[in-house]
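Here is a quick walk through one protein chain, written to be read with the model open beside you. Keep the viewer handy and click along.

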Amino acid sequence: MKLRYAVGITFALPLLATSMFVQAGNISHGHDGSFLFEGNFFSSQKEFIESGHRCSTPEVDDLTRYQLDLELERWVHENGNSLTAIVIPIAFHVIHSGTTGKLTASDIVGQISVLNSAYAGTGFSFVLDRTDYTDDATWFAMTPDTNAETQAKNALHYSTSTHLNVYTANPGQGLLGWATFPWSLTQEPNQDGVVLLYSSLPGGTATPYNLGDTATHEIGHWLGLYHTFQGGCKSPGDSVSDTPPEKSAAYGCPTGRDTCRNGGADPILNFMDYTDDACMNQFTAGQTTRAQSMVGTYRPDL
């Protein structure tokens, strides 16, 4: 049985520790280098990253990237690089199982504050327009491309052409989140939006990914940005000229990492890499232009 109710808004499991594990900074590591995240065991943090649990948004194939880049070049040619102030209203869908995952209003406001800080200078800002709560254990455990995800979004989505729909849940297996890209909006409008592990919100238990930047990262995809390591060292990489090429995803905060010869230091501080939340703090000017052009092309009603 689904219990659903809405809250009108007018303004814009703890991390397990056993004797095998010790806290090193914000991360629970075993003495053998193993990594424990929200009760899910990995042989290392590297395995956690490489398994795809940090972000389940799929990479884009080369042909699609090429076609998209042509369209965005056309948009920039016609509109220039000037920033447009775009206020994005959020429809926030809290999916929970009983009291587990039942976020508070202050949890959600804290997440919006993190987003506005992260996107300062990009022209994008976010305002909370509405919140609803749904008690459903199956939807709470949804994973990408499943019936549970489809059903939840079909039932809960709100005006995807004019709003960012954010769903919080507990996907399991250590999954942190995923997003849809802007060009898929017209194909599957009901599925558009971002799904987040509820404990990744600021103050949650998903250490070291509990400062709210999983949302920052996934919304970057929703705005059309790729991972900084998309394409590895091969041009055009992430299709943004001012993000240095990066052979593979970074994790932790590996200062000075340089994986592509003559490419410059890896962009480990970028929100579109896989580093810990505390390490991320920037978008580039090129990413801003790309996101603005993506919205102008594929999300014109925002």
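## Ground rules

This is a predicted model, so to speak of local features a pLDDT of at least 70 is needed, side-chain atom pairs count only at pLDDT 80 or more, and totals for chains, interfaces and linings use all residues. Residues are numbered from 1 along each chain as its sequence is written, and side-chain values use heavy atoms, with hydrogens and water left out.

## The whole chain

The protein chain has seven helices and ten strands. Both kinds of element are DSSP runs numbered from the N terminus: helices are H or I with at least four residues, strands are E with at least two.

Of the 302 residues, 52% are buried. Here "buried" means under 20% relative accessible area, "exposed" means over 50%, and "partly exposed" is in between (1.4 Å probe, protein chains only). The chain exposes about 12,900 Å², and 53% of that comes from carbon and sulfur atoms. Those areas come from the Shrake-Rupley method with a 1.4 Å probe; for residues, only the protein chains shown count as cover.

## Helix 2 against helix 7

Take helix 2 (residues 62-79) and helix 7 (residues 285-298): they pack at an angle of about 90°, with axes 9 Å apart. That makes helix 2 roughly perpendicular to helix 7. The axes are lines fitted to C-alpha atoms, for helices over the stretch in contact, and angles run from 0 to 180 degrees between N-to-C directions. On that scale, under 35 degrees is roughly parallel, over 145 roughly antiparallel, 65 to 115 roughly perpendicular, and the rest oblique.

On the helix 2 side, the residues that meet helix 7 include Leu68, Leu72, Trp75 and Val76, and their partners in helix 7 include Arg290, Met294 and Tyr298. Contact means heavy atoms within 4.5 Å. By class, this contact has six nonpolar, five polar and three charged residues. For the classes, Ala, Val, Leu, Ile, Met, Phe, Trp, Tyr, Cys and Pro count as nonpolar, Asp, Glu, Lys and Arg as charged, and the others, Gly among them, as polar.

## Helix 6, under cover

How many of the residues in helix 6 are buried? Ten of its ten residues are, among them Asp213, His217, Glu218, His221 and Trp222. These buried residues pack against strand 6 (86-96), helix 3 (105-118), strand 7 (124-135), strand 8 (164-169), strand 9 (177-179) and strand 10.

Leaving aside neighbours within four places in sequence, Thr214 is in contact with Arg54, Leu176, Leu196, Ser200, Tyr209 and Asp277. Helix 6 is followed by Gly224, with a positive phi near 105°.

## Asn270 and the chain end

Asn270 sits in the loop between helix 6 and helix 7 and is buried at 1% relative accessible area. Its side chain makes a 2.8 Å polar contact with the side chain of Gln287. A polar contact is a pair of N or O atoms within 3.5 Å; within protein, one must be able to donate a hydrogen and the other to accept it, and residues adjacent in sequence count only if both atoms are side-chain atoms. Beyond four places in sequence, the contacts of Asn270 also include Thr228, Thr243 and Phe283.

After helix 7 comes a segment holding Arg299 and Pro300. Arg299 is buried at 2%, whereas Pro300 is exposed at 57%. A polar side-chain atom of Arg299 lies 3.2 Å from the backbone oxygen of Trp222. Arg299 is also in contact with residues including Thr160, Phe181, Asp192 and Met294. Pro300 is 139 residues from Ser161 in sequence, yet their C-alpha atoms are 8.1 Å apart.

Where are the cis peptide bonds? One runs from Thr207 to Pro208, with omega near 5°, and another joins Ser235 and Pro236, with omega about 10°. Pro208 is in the loop between strand 10 (194-197) and helix 6 (213-222), while Pro236 is in the loop between helix 6 and helix 7.

Asp145 has a positive phi near 60° without being glycine. Asp145 lies in the loop between helix 4 (137-140) and helix 5 (147-156) and is exposed at 77%. Ser239, also not a glycine, has a positive phi near 65°, and its place is the loop between helix 6 and helix 7.
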